[in-house]
Amino acid sequence: MKKVYSLLVLLCGILFLTSCNKGETYSDLKDAEREAINRYISKNNIKVISQTQFTDQGETTNVANNEYVYLERSGVYMQIVRKGCGEKVKDGETLEILCRFSEYNIKENKLVTRNDIVYFYDASYGNYSSLPDKMMVERIGNTYTGSFVYGLMSYTHSSTSVPAGWLVPLTYVNIGRPVNDDDEIAKVRLIVPHSQGTVDASSSVFPCYYEITYERDK
């Protein structure tokens, strides 16, 4: 009887350990996300600079050195490729912004969606992907909020909410429309943790890499 009891205890212990190994806590998922971000930074030879250095450099990042600034408040890593023409979003202003982008799941090492190739075609979207995404953005003080009017982001993630990470660069870049031949629209590269990402990234706890351009609509 004692042997049977001992075997039952052992079996229960094995089952308990197995269930623990299969289940991941939120803390485990965040640790895995951090590891994925660190691997991505290392693999792509990204030089991370502080916000102090970023400010001292006139809120710019050296693209030739592959610099990204780590923004402590949001946890977003940002490289400003182009500051852009025009001017920053004004306090109290509401405007529509056109975006072309690529979205890459860092944790799973795969492309999620993109519209930065103008004639990119996917049977799932038809020719919808040839259009830029449009988002409505409002600034009140230092707070930016946004919702997608149309585009692949809202279609892919079944949500019109603009990821907070997409709004972070608006503090630092200009949003305008090219008028002169040498005018360029703003462009950034971002590493966005799940807490600043899409509803899918937030629920599944994975980070994304983005390349995004911002252009004022009309």
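Me: Is Phe-54 buried or exposed?

Reply: In this predicted model, Phe-54 has a relative accessibility of 1%. Because buried means under 20% relative accessible area, Phe-54 counts as buried.

Me: How is a pair of aromatic rings described?

Reply: A pair of aromatic rings is described by two quantities, the distance of the centres and the angle of the planes. The structure holds 7 aromatic pairs. In one of them, Phe-54 and Tyr-172, the ring centres are 5.3 Å apart and the planes stand at 75 degrees, so the pair is edge-to-face.

Me: Which parts of the chain does the pair of Phe-54 and Tyr-172 tie together?

Reply: Phe-54 belongs to helix α3 (residues 51–56), whereas Tyr-172 lies in the loop between α5 (164–167) and β8 (186–192). The pair therefore ties together parts that are 118 residues apart in sequence. Tyr-172, at 13% relative accessibility, counts as buried.

Me: What are the distance and the angle for Trp-166 and Tyr-210?

Reply: The rings of Trp-166 and Tyr-210 lie 5.7 Å centre to centre, with 80 degrees between the planes, and this aromatic pair is edge-to-face. Trp-166 is in helix α5 and Tyr-210 in strand β9 (residues 208–216), so the pair ties together parts that are 44 residues apart in sequence. Trp-166 is buried, with a relative accessible area of 0%, and Tyr-210 counts as buried at 1% relative accessibility.

Me: Which residues do ring pairs link into a cluster?

Reply: The cluster linked by ring pairs consists of Phe-101, Phe-148, Trp-166 and Tyr-210.

Me: Where is Ser-102 placed, and which residues does Ser-102 touch?

Reply: Ser-102 is in strand β4 (residues 94–105). Leaving aside residues up to four places away in sequence, Ser-102 touches Thr-113, Arg-114, Asp-116, Tyr-209, Tyr-210 and Glu-211. The relative accessible area of Ser-102 is 11%, and Ser-102 is buried.

Me: How many disulfides are there by the rule applied here?

Reply: A disulfide is a pair of cysteine sulfur atoms within 2.5 Å. By this rule the count is 0 disulfides.

Me: Are Cys-85 and Cys-99 buried or exposed?

Reply: Cys-85 has a relative accessibility of 11% and counts as buried. Cys-99 also counts as buried, at 1% relative accessibility.

Terms used:
Residues numbered from 1 in each chain as written. Predicted model: local features only at pLDDT ≥ 70, side-chain atom pairs only at ≥ 80, totals over all residues. Heavy atoms only, no water. Buried < 20%, exposed > 50% of the residue type's maximum accessible area, 1.4 Å probe, protein only. Helix = DSSP H or I, 4+ residues; strand = E, 2+ residues; numbered from the N terminus. Contact = heavy atoms within 4.5 Å. Phe/Tyr/Trp six-rings, centres within 6.5 Å; stacked < 30°, edge-to-face > 60°.
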